[in-house]
Amino acid sequence: VQLQASGGGLVHAGGFLRLSCAASGAIFSIYFMGWYRQAPGKERELVASVGSGDSTDYADSVRARYTISRDNAKRSVYLQMNSLKPEDTAVYYCNVRVMSTGWTTFNAWGQGTQVTVSS
């Protein structure tokens, strides 16, 4: 299972970015898709997630500003980030948990995409 993430960049405070992550490989089903972030000197934290039933969950720090969505046909997950703040600056990682066609579970990580918010 491979993940390809894109969409990071540099934006001024108050701006917006949209991250995308597409999964490929021998995937039978995807039961979890999420975005984590890791700022310098801090632990990686879960920012947002969406389950197989489209239930979503958000970290308190991003609730009402970020929106996670998934497109099952494209095996993709998106993160719309609005009203960005300097403290949102981090490397963002997509995470996908799948059942492969060989009935093996995989916990796959994207390569990370840098989001920098200037004040």
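## Basis of the values

The model is predicted, so local features need pLDDT of at least 70 and side-chain atom pairs count only at pLDDT 80 or more, while totals for chains, interfaces and linings use all residues. Residues are numbered from 1 along each chain as its sequence is written, and side-chain values use heavy atoms, with hydrogens and water left out.

Strands are DSSP runs of E with at least two residues, numbered from the N terminus; helices are runs of H or I with at least four residues. A residue is called buried under 20% relative accessible area, exposed over 50%, and partly exposed in between (1.4 Å probe, protein chains only).

## The four-stranded sheet

Strands of a sheet pair through backbone hydrogen bonds, either parallel or antiparallel. Here, two strands are taken to pair if DSSP finds at least two bridges between them. Four strands make up an open sheet, in the order β1-β3-β8-β7, and their pairing is antiparallel. At the edges are β1 (2-6) and β7 (66-71), each of which pairs on one side only. On average, neighbouring strands of this sheet are turned by 15 degrees against each other, direction ignored. For such angles, axes are lines fitted to C-alpha atoms (for helices over the stretch in contact), and angles run from 0 to 180 degrees between N-to-C directions.

In β8, Y78 stands opposite S69.

## The disulfide

A disulfide is a covalent bond between the sulfur atoms of two cysteines. Counted as a pair of cysteine sulfur atoms within 2.5 Å, there is one disulfide in this model. The cysteines are C21 and C94, with their sulfur atoms 2.1 Å apart. The link of C21 and C94 is right-handed, with 50 degrees about the S-S bond.

C21 belongs to strand β3 (residues 17-24) and C94 to strand β9; the two are 73 residues apart, and the pair links distant parts of the chain. C21 counts as buried because its relative accessibility is 1%. C94 is buried too, with a relative accessible area of 0%.

## Contacts of aromatic rings

Rings of Phe, Tyr and Trp (its six-membered ring) pair if their centres lie within 6.5 Å; planes under 30 degrees apart count as stacked, over 60 as edge-to-face and the rest as tilted. The whole structure holds two aromatic pairs. One of them is formed by F28 and W103, which are tilted, at 4.8 Å centre to centre and 50 degrees between the planes. F28 is exposed, at a relative accessible area of 52%, and W103 counts as exposed at 60%.

A charge sits over a ring if NZ of Lys or CZ of Arg is within 6 Å of the ring centre and within 35 degrees of the ring normal. The charged end of R44 sits over the ring of W109, 4.8 Å from its centre. The ring of F32 has the charged end of R97 over it, 3.8 Å from the ring centre.

## Positive phi angles

Most residues other than glycine have a negative phi. A64 has a positive phi, near 80 degrees. A64 lies in the loop between β6 (56-58) and β7, and is exposed at 82% relative accessible area.

S83, which is not a glycine, has a positive phi of about 50 degrees. S83 is found in the loop between β8 and β9 and counts as partly exposed, at 42% relative accessibility.
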